[in-house]
Amino acid sequence: MKNKYVNKLLSVTVIALLLLLGCASTKYLPSSSETYPPTSSAVVYYWDKPDRPYMEMGTINVKAHSETGMLEKFKQKAMEIGADGVFIKYMDNQLRFGTHIWFLLAASIRAEGVAIKFKDTSLEK
């Protein structure tokens, strides 16, 4: 009887964790129709714009459950669209209450950043 209860509790916990982890999302809104090949790395800048000349490629909106997850989502999307980096313009930490017994509290971070492509200054000389 005890094993049955433990198995049921474990199953509910696993399902709750899968639901919780599956709620992270990333959306990209390009500012032009120009596209770039994917890159192998991207840098995430907090609040301050980079010192190097760059062009804005578009806006990336991220929803994650941790700051680490948020940064990873920004980097993944930036590399996918060929950006050299992202600077974060807005971030909001939220704590919300769920409706199910196994989902009472969930932390959520919503953030918005701008995907950037560095300009090749060697061509401008």
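Which side chains meet in a salt bridge at 3.9 Å, N to O? Select Glu112 and Lys89: their side chains form that contact. A salt bridge here is a side-chain nitrogen of Lys or Arg within 4 Å of a carboxyl oxygen of Asp or Glu. The pair links distant parts of the chain, with Glu112 in strand β5 and Lys89 in strand β4, 23 residues apart. Helices (H or I, at least four residues) and strands (E, at least two) are DSSP runs, numbered from the N terminus.

Before moving on, note that this is a predicted model, in which local features need pLDDT of at least 70, side-chain atom pairs count only at pLDDT 80 or more, and totals for chains, interfaces and linings use all residues. Residues are numbered from 1 along each chain as its sequence is written, and side-chain values use heavy atoms, with hydrogens and water left out.

Colour by accessibility next. Buried means under 20% relative accessible area, exposed over 50%, and partly exposed in between (1.4 Å probe, protein chains only). Glu112 is partly exposed at 25%, and Lys89 is partly exposed at 47%.

Select Asp84 and Lys117. Their closest N and O atoms are 3.8 Å apart, in a salt bridge. This pair also links distant parts of the chain: Asp84 is in the loop between α2 and β4 (85–97), Lys117 is in strand β5 (residues 105–118), and 33 residues separate them. Asp84 is partly exposed at 21% relative accessibility, whereas Lys117 is buried at 17%.

Go to helix α2 (residues 67–81) and pick Glu80 and Lys77, which are three residues apart and therefore separated by about one helical turn. They form a salt bridge with closest N and O atoms 2.9 Å apart. Lys77 counts as buried, at 16% relative accessibility.

Now turn to the rings. The whole structure holds one aromatic pair. Rings of Phe, Tyr and Trp (its six-membered ring) pair if their centres lie within 6.5 Å; planes under 30 degrees apart count as stacked, over 60 as edge-to-face and the rest as tilted. Select Tyr54 and Phe87: the ring centres are 6.2 Å apart and the planes are at 70°, so the pair is edge-to-face. Tyr54 lies in strand β3 (residues 54–64) and Phe87 in strand β4, 33 residues apart. Both Tyr54 and Phe87 are buried.

The last stop is Arg52, which lies over the face of Phe118 at 3.9 Å from the ring centre. A charge sits over a ring if NZ of Lys or CZ of Arg is within 6 Å of the ring centre and within 35 degrees of the ring normal.
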